[in-house]
Amino acid sequence: MKTQQIIEPSLLFAGACLSGEKVKTSRKTLAGLTGIFEDTQAYAALASDTPVYEVFSFLPADPPLPGALNFGITKLFPGKVGREYFMTRGHFHARIDCGEYYWGLEGEGVLLLMDGRRVTRGERMFPGSLHYIPGGVAHRVANTGSKPLAFAACWPSDAGHDYDAISSHGFSARVMEIDETLQLVESCTE
Ligand code: S6P
Ligand code: ZN
């Protein structure tokens, strides 16, 4: 009888933590989010080194390969700039046909989804929520709770990121606290 050794996995995904030798970490502070929040005075009054989010990702194909899948966990801290909740930068995929899955692990928030005609909708995120993001749809997450919001993501390795369209025009709606209530407010600036 021929036997083989059963090996340990090279990645661990426990709770909201991703670990493994090849996991990369990136961190975003307020300094890296210039121009995305509506209230520029409130933004300027906050410490620029305030942590906003961390991304732990496993990118199996370097360079990217059609068919290969990336996996990542984003941990988005609670906070607000003026009345607007801390959020990710947001992006379209450079390869516009590439979709993505997001799913909620910890905390609560809102996933903003904006299509190519700049129509934006918001989906509630919570532990166990699952979100399919079709190709051609920009995505951004806001933490609307008082604890860190963690979500996992899986996307094609060759999707790429297009941040320029969002840097120039933003999303057409913002996740804000108005009169102590969570609101999705349509922007009139873009
Ligand atoms: C990648 C995926 C996520 C985000 C992360 C940070 O396609 O959507 O891993 O990169 O949530 O958001 P952003 O908009 O700063 O890349
Ligand atoms: Zn994406």
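Sorted by class, the residues lining the second largest pocket comprise six nonpolar, 10 polar and five charged ones. The model is a predicted one, and in it this second largest pocket holds about 260 Å³ of space. Its lining is made up of 21 residues, and those nearest the centre of the pocket are Thr34, Gly35, Ile36, Ile166 and Ser167. Helix α2, which spans residues 164-169, is the element that gives the most to this lining, with four residues.

The largest pocket comes next, with a space of about 660 Å³. Its lining counts 32 residues, among which Val55, Ser57, Trp155, His161 and Tyr163 are the closest to the centre. Two or more lining residues are given by each of the elements β3 (24-29), β4 (51-58), β5 (69-76), β8 (100-106) and β13 (149-156). Which of the elements gives the most to the lining of the largest pocket? That is β3, with five residues. By class, the lining of the largest pocket is divided into 12 nonpolar, 13 polar and seven charged residues.

Leu130 belongs to strand β11, which covers residues 130-133. Because its relative accessible area is 57%, and the cut-off for exposed is over 50%, Leu130 counts as exposed.

Definitions and conventions: Residues are numbered from 1 along each chain as its sequence is written. Chains are lettered from A and ligands numbered from 1 in the order in which they are written. This is a predicted model: local features need pLDDT of at least 70, side-chain atom pairs count only at pLDDT 80 or more; totals for chains, interfaces and linings use all residues. Side-chain values use heavy atoms; hydrogens and water are left out. Buried means under 20% relative accessible area, exposed over 50%, partly exposed in between (1.4 Å probe, protein chains only). On a 1 Å grid over the protein atoms alone, a cavity is a set of points where a 1.4 Å probe fits but cannot get out, and a pocket is an open set with protein on both sides within 12 Å along at least five of seven lines; lining residues have an atom within 4 Å of a point. Grid points are joined across faces, edges and corners, and a volume is the space filled by probe spheres set on the points. Ala, Val, Leu, Ile, Met, Phe, Trp, Tyr, Cys and Pro count as nonpolar, Asp, Glu, Lys and Arg as charged, and the others, Gly among them, as polar.
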